[in-house]
Amino acid sequence: MQSTNSLQIENKDENIIADSALDSYVVNPHIRVANLNLKIGDNHILKDINLNIPPKKITCIIGPSGCGKTTLLRSFNRMHDDSPNVKITGKIFVDDENIYDENIQVIAIRKKMGLLAQRPCPLPMSIYDNVIYGPKLHGAWQRRKLYENTKHYLTEVGLWEEVKDRLKTPANQLSIGQQQRLCLARGLAVEPEIILGDEATSALDPISTKKIEELFVTLKKDYTIILVTHTLRQAKRIADYIAFMYLGKLIEFGTTEQIFNHPQKQLTKDYISGYFS
Amino acid sequence: MKLLEEKIFKSLMLFSAFAIISILGFILFTIVSKGFASLSWDMVSKLPGGGFYLGKEGGILNAILGSFYIVIGAVLLALVLSIPVTMYINFYLPKRSFFADTVRFSFDILFGIPSIVYGAFGFAVMIYFGLKASLFGGIVVVGMLITPIIMRSLDEVARLVPKELSEASLSLGATKYEVIKVIIRQLLPGITTAVLLAIGRGIGDAATVLFTAGYTDNIPTSLSHPVATLPLAIFFQLGSPSEEVQNRAYAAALILTIIILVLSLSARYFSRKLSKNKI
């Protein structure tokens with residue numbers, strides 16, 4: 001515990017400088033986190049997070065285990081709503097709307113974001129039904145349109161050629177890499193603006209990982225992508241921006257080039273160079 | 001020395017396995033050898049005739065149908081109770097909830113209560129309300145007997161549902177009710193197995209229906225009529241001094257055993273078939 005305390009940065013002035021520098025990178029943020037605090041019981045998980053997520057870029061959230069990166073990601077689509085003892089203060093603006101406002105429809109928020117979990121989790125139904133599940137929830141019913149959509153999104157994730165002859169087979173028969181791409185297609189089918197990835201490749205083999213990474217890079221022309229990742233190399237490969245978190249605090253935010261080559265904070269430098277992980 | 005230990009233990013295991021199989025074999029042998037001769041098409045397709053209990057014409061269609069009426073009603077009743085309870089304590093309440101534990105504990109106790117106690121309880125309640133032994137009474141009491149059975153097996157499978165499943169569904173914009181629908185799809189094989197096992201238990205139980213469902217030679221046409229059941233058909237005929245009637249009791253037991261065998265086999269078949277979509 002002693003060593004972590006000495007690593008922690010408490011210098012307020014430095015934070016302010018970093019914040020103002022940060023704003024210049026992001027003119028029109030897609031997601032703006034303002035003074036976000038999250039507590040589970042007495043555990044202070046997220047501490048005063050201020051963060052601007054640029055639109056149509058890949059932003060990676062990195063940091064050691066338990067630093068709160070997944071918690072932060074899940075607060076973007078209000079996945080903490082049903083967890084007991086979670087207390088959230090502060091604001092998260094998506095398209096200038098505070099998603100923790102009382103008048104906000106949580107379903108409308110979730111429709112804006114597709115979530116890709118750590119392990120692919122297809123629904124217990126056929127491949128086809130998996131893709132049309134979301135659109136059907138939101139009222140789509142025309143068979144022709146549903147089919148066209150399915151074809152479009154499965155093509156987009158590069159799965160169409162592999163599954164077009166067996167759309168009615170159970171989704172659990174796909175390989176795990178295919179399942180993850182199916183989950184991505186399922187998320188895209190509700191026409192979100194944002195893709196959230198929670199260590200979306202950590203359960204996959206290297207080839208599937210590469211496919212998913214390439215997909216993210218192609219998809220960023222249409223979507224804002226936020227990824228939590230454990231692997232620094234992945235962040236280096238695909239991220240445009242990087243947010244580094246440590247013990248519930250956002251330590252540094254900047255372009256990938258900046259974070260990897262000219263980190264402002266000693267803590268970031270130590271993490272990047274593998275001093276701790 | 002170690003080798004001897006190993007040998008003793010191994011022969012003990014083998015002995016137990018053979019004991020189980022031979023008990024089943026012995027029961028089947030008894031029922032078949034005594035009952036098979038009396039088994040006829042009339043037995044399963046006709047109501048008891050005038051001299052049936054003296055060993056003359058007729059069959060036990062009343063008891064076969066009666067048993068099915070009761071057990072189908074009881075299963076529906078049990079599902080209506082146990083599915084919402086399971087969903088609530090597993091997917092609405094937090095993981096460590098005092099209320100959920102209380103519910104589980106209550107069901108555990110209900111599970112252990114012998115069926116004759118349910119029968120006696122049902123009987124007492126029916127007397128209090130001035131009700132006669134009837135199909136309705138039988139359905140309710142057998143329903144009480146099998147609700148904890150279904151609920152416990154549902155609870156077991158519901159605990160295995162991955163948290164990611166409801167999260168995946170929620171993140172696509174589903175409401176809690178829509179999430180429950182997805183979870184029920186995942187639980188379908190478990191529900192089927194639970195139901196078929198509960199039918200097997202409910203259809204063969206004599207003590208619950210003894211006072212609450214009564215016995216009749218007719219097929220009931222209303223919920224307030226008394227109804228015959230297979231276990232009681234066995235019970236009454238076995239008590240007869242006539243050997244012919246006693247053998248019919250074994251034939252009835254054979255029919256009941258075949259029904260339960262078919263149910264167990266279809267439980268396996270359906271749960272495998274429904275598992276194909278399960279993740």
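Two strands are taken to pair if DSSP finds at least two bridges between them. Helices (H or I, at least four residues) and strands (E, at least two) are DSSP runs, numbered from the N terminus. The model is a predicted one, in which local features need pLDDT of at least 70, side-chain atom pairs count only at pLDDT 80 or more, and totals for chains, interfaces and linings use all residues. Residues are numbered from 1 along each chain as its sequence is written, while chains are lettered from A and ligands numbered from 1 in the order in which they are written.

Chain A holds twelve helices and ten strands. Of its 277 residues, 43% are buried (20 or more other C-beta atoms within 10 Å of the residue's own, with C-beta atoms placed from the backbone). Contacts are counted where the C-beta atoms of two residues, placed from the backbone, lie within 7 Å. Among contacts in chain A between residues at least 6 apart in sequence, 68% join residues at least 24 apart.

Chain A is assigned two segments of residues, 2-112 and 193-272, as domain 1, and residues 122-191 as domain 2. These bounds come from an automatic or database domain assignment. The centres of domain 1 and domain 2 of chain A, taken over C-alpha atoms, are 28 Å apart. Ten residues of domain 1 of chain A contact ten residues of domain 2 of chain A. On the domain 1 side, helix α9 (residues 206-219) of chain A gives the most, with four residues. That side divides into six nonpolar, one polar and three charged residues. Here Ala, Val, Leu, Ile, Met, Phe, Trp, Tyr, Cys and Pro count as nonpolar, Asp, Glu, Lys and Arg as charged, and the others, Gly among them, as polar.

One open sheet of chain A has four strands in the order β2-β1-β4-β5, with antiparallel pairing. β2 (43-53) and β5 (97-98) of chain A stand at the edges, each with a single partner strand, so one side of each has no neighbour in the sheet. Strand β1 (residues 31-40) of chain A runs antiparallel to strand β4 (residues 86-94) of chain A, and eight bridges join them. A:Leu38 has A:Ile88 in β4(A) as its bridge partner.

Another open sheet of chain A has six strands, ordered β6-β7-β8-β3-β9-β10, and its pairing is mixed. Its edges are β6 (113-116) and β10 (249-255) of chain A; each has a single partner strand, so one side of each is left without a neighbour in the sheet. From one strand to the next, the twist averages 15 degrees. Strand β9 (residues 241-246) of chain A and β10(A) run antiparallel, joined by six bridges. A:Phe244 stands opposite A:Glu252 in β10(A).

α8(A) lies across β6 and β7 (194-198) of chain A, running at about 165 degrees to β6(A). Axes are lines fitted to C-alpha atoms, for helices over the stretch in contact, and angles run from 0 to 180 degrees between N-to-C directions. Helix α5 (residues 127-137) and helix α8 (residues 176-188) of chain A pack at an angle of about 30 degrees, with their axes 7 Å apart. A:Ile127, A:Asn130, A:Val131, A:Tyr133 and A:Gly134 of α5(A) meet A:Leu182, A:Ala185 and A:Arg186 of α8(A). This contact has five nonpolar, two polar and one charged residues.

Between the chains, 21 residues of chain B contact 23 residues of chain A. On the chain B side, α7 (163-171) and α8 (176-203) each supply at least two residues. α7(B) gives the most, with seven. This side of chain B has nine nonpolar, six polar and six charged residues.

Note on methods
A residue is buried if 20 or more other C-beta atoms lie within 10 Å of its own, exposed if 12 or fewer, and partly exposed in between; C-beta atoms are placed from the backbone.
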